[in-house]
Amino acid sequence: MKKRLAVVFAAFVTIWALSSCSSTTYKNINYLQDIQNDTTWATVVNNGIVIKPKDQLSIVVSCREPQIAAQFNLSTASYQAGSEITSTTGGGSYRILGYVVDNFGDIDFPVLGKLHVAGLTRFEVSDLVKGRLAADGYLTESVVTVEFMNFKVSVMGEVQSPGTYTVSTDKINVLQALSLAKDLTIYGCRDNVTVIREQDGQHQVFKMDLRSKDFFNSPAFYLQQNDVIYVYPSKVRAGQSTVNENNLRSVSFWISIGSFMMTAANVLATVLSNTAK
């Protein structure tokens, strides 16, 4: 009888310990824990990122007469920014770049000359070029397409695939960037995701807790060019100093649990024995 009670008590403690671990894991791992079904809320409005010095832009002017538009465009090959193009005449290779915004926020546009584009979105730059072409009497009807050529974000820390990622659009949020890095590892702190941003010669730091919907309201929810996301490691990961320590910790953890069970069972058996006397 005493042995049965001891076994039951040990089983109860084991179940309690495992359920506690499960509860702790849920609180530390799951995203957006405070969102209820069919819930809506306002988020930060993204009006598009603005152009900064050192940005690279592709600006293409089109109209009904391609010969006229050609004088306002760089060569066709130059639209392939960052790619290696083999020269058909010299036999060598060279790197093609688009319009680079200088330190004053200007670009040197064909025929039109200097255009100040810093602080504008790509849509505003499109309107600026179209307006100048019409005002100066070159093209009254044109289509101007502006694209970022060097929009990149970096994801570091406890993610599956850290690295720098080129973004094909100018609208990307933190969750999408983490998806590019194949999500956080099990050791990544969901409550300590940091976005580092360079703005006007200074660095800004934004902390986010992915377990709460409040991070949707962060000024850094929508990323800007060259933002860096850093995911802090958990205490378990930070404490690992050897390759096999994780396995050792796991083994030692269960040995400790087993020792605790045996001690608790012995104490219970002793108590029951004394009570029976």
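A: R211 counts as partly exposed, at 23% relative accessibility (buried means under 20% relative accessible area, exposed over 50%, and partly exposed in between, with a 1.4 Å probe and protein chains only). This is a predicted model, in which local features need pLDDT of at least 70, side-chain atom pairs count only at pLDDT 80 or more, and totals for chains, interfaces and linings use all residues. Residues are numbered from 1 along each chain as its sequence is written, and side-chain values use heavy atoms, with hydrogens and water left out.

One partner of R211 is D209: their side chains meet in a salt bridge at 3.1 Å, N to O (a side-chain nitrogen of Lys or Arg within 4 Å of a carboxyl oxygen of Asp or Glu). D209 is partly exposed too, with a relative accessible area of 24%.

R211 also forms a salt bridge with D191, where the closest N and O atoms are 3.7 Å apart. That pair links distant parts of the chain, 20 residues apart: D191 sits in strand β10 (residues 188-199), and R211 in the loop between β11 and β12. Helices (H or I, at least four residues) and strands (E, at least two) are DSSP runs, numbered from the N terminus. D191 is partly exposed, at 38% relative accessibility.

The loop between β11 (202-208) and β12 (228-233) also holds N226. Phi of N226 is near 70°, a positive value in a residue other than glycine. For context, most residues other than glycine have a negative phi.
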